[in-house]
Amino acid sequence: MPSYAFVDGQYMPRHLAQLPLEDRATNFGDGIYEVWVVAQGKLVDEQKHFARLERSLGELQIPMPMGRPALAQHIQRLIRRNNIRFGTVYLQISRGASKRDHVPAADIVPSLTIFTNNKPALADARLSPKPLKIITGPDLRWARRDIKSTSLLPNVMLRMEAHQQGCHEAWMVDDQGFVTEGTSSSSWIVTPEKVVVTRALTNDILPGVTRDTVRELMSQSNHKFEERAFSVEEAEQAAEAFITSATNFVGPVVEINGVTIGHGQIGEVTTILRDLYLRAAGL
Ligand code: PDD
């Protein structure tokens, strides 16, 4: 059975789906996207991703192609049609297609693409998670990192470097030497005094949905929490480090720039937060 994609109002076999030559997400990176995880056939943190989608579109003055309920219905249909119990949904909204010009045509219509990926292994998320090794590198992105834009070149370049070095993720570092976030995840440390730290929300980072849920769940654990910037040196000397993202949940970081973090295994606080998150996500 082929996997289906949803493209501008139509369901079609994924391998036949196409975007126009002059789609602005392709030509200019002029689009936004969201990624949801599907657990037991349901979208994890569904409404928070929709809220961020609407906010990103608003900041770029791209109209929602349809209302939230209709969008949610198309996603649900695709999940059912593609028989996804555990997997991911990728949704992209481009400003649309018009003759290539920095100024879009006045009557441009946004283009909506949705596809899914089947990931049965997510069902086993409760088994021991993969220990992650990361590197750090300069944050070369623009000043509006709070918008989930499809322009991801600096993220891609640094992530390729991490991969070449046998690492899973890279943390981006601002001009002052402070970590902003991962190339596709939020960055966290646990200090030797057991304080959980992640960078505060400004235009410097994407407001991670998983970050937000973990922050809320922290009220169920008795850990001290601080939203502040931390340096690469502080991270390398932390008791624990981890990332959060829709697809990684709470992922333990055991090595930063070749320096072992804590005991080189998933830390105690990370384990508690990961378990809380997975339970809340229905995993
Ligand atoms: N990445 N920071 C960046 C730069 C991201 O791209 C992401 C998500 C996050 C975490 O956000 P959330 O918890 O809402 O997934 C933080 C997605 C998963 C991706 O690009 O595939």
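In this predicted model, a search of the whole structure identifies eight aromatic pairs. One of them joins Tyr33 and Tyr90, whose rings are stacked, at 5.6 Å centre to centre and with 20° between the planes. Tyr33 belongs to strand E3 (residues 31-39) and Tyr90 to strand E5 (residues 87-94), so this pair ties together parts that are 57 residues apart in sequence. Tyr33 has a relative accessible area of 13% and is therefore buried, the limit being under 20%. Through ring pairs, Tyr33, Tyr90 and Phe115 are linked into a cluster.

Trp188 and Phe242 form another aromatic pair: the ring centres are 5.1 Å apart and the planes lie at 20°, so the pair is stacked. Because Trp188 is in strand E10 (residues 186-190) and Phe242 in strand E13 (residues 240-245), the pair ties together parts that are 54 residues apart in sequence. Trp188 and Phe242 are both buried.

Aromatic rings also meet a charged side chain. The charged end of Arg81 sits over the ring of Tyr4, at 4.8 Å from its centre. The charged end of Arg81 also sits over the ring of Tyr11, 4.7 Å from the centre of that ring.

Helix packing was examined for H5 and H7. Helix H5 (residues 209-217) packs with helix H7 (residues 268-281) at an angle of about 110°, and the axes are 10 Å apart. The two helices are therefore roughly perpendicular to each other. In this contact, Thr210, Thr213, Val214 and Leu217 of H5 meet Leu273, Leu276, Tyr277 and Ala280 of H7. By class, the contact of H5 with H7 contains six nonpolar and two polar residues, and no charged ones.

Note on methods:
Residues numbered from 1 in each chain as written. Predicted model: local features only at pLDDT ≥ 70, side-chain atom pairs only at ≥ 80, totals over all residues. Heavy atoms only, no water. Axes fitted to C-alpha atoms, helices over the stretch in contact; angles between N-to-C directions. Helix = DSSP H or I, 4+ residues; strand = E, 2+ residues; numbered from the N terminus. Parallel < 35°, antiparallel > 145°, perpendicular 65-115°, else oblique. Contact = heavy atoms within 4.5 Å. Nonpolar A, V, L, I, M, F, W, Y, C, P; charged D, E, K, R; others polar. Phe/Tyr/Trp six-rings, centres within 6.5 Å; stacked < 30°, edge-to-face > 60°. Buried < 20%, exposed > 50% of the residue type's maximum accessible area, 1.4 Å probe, protein only. Lys NZ or Arg CZ within 6 Å of the ring centre and 35° of its normal.
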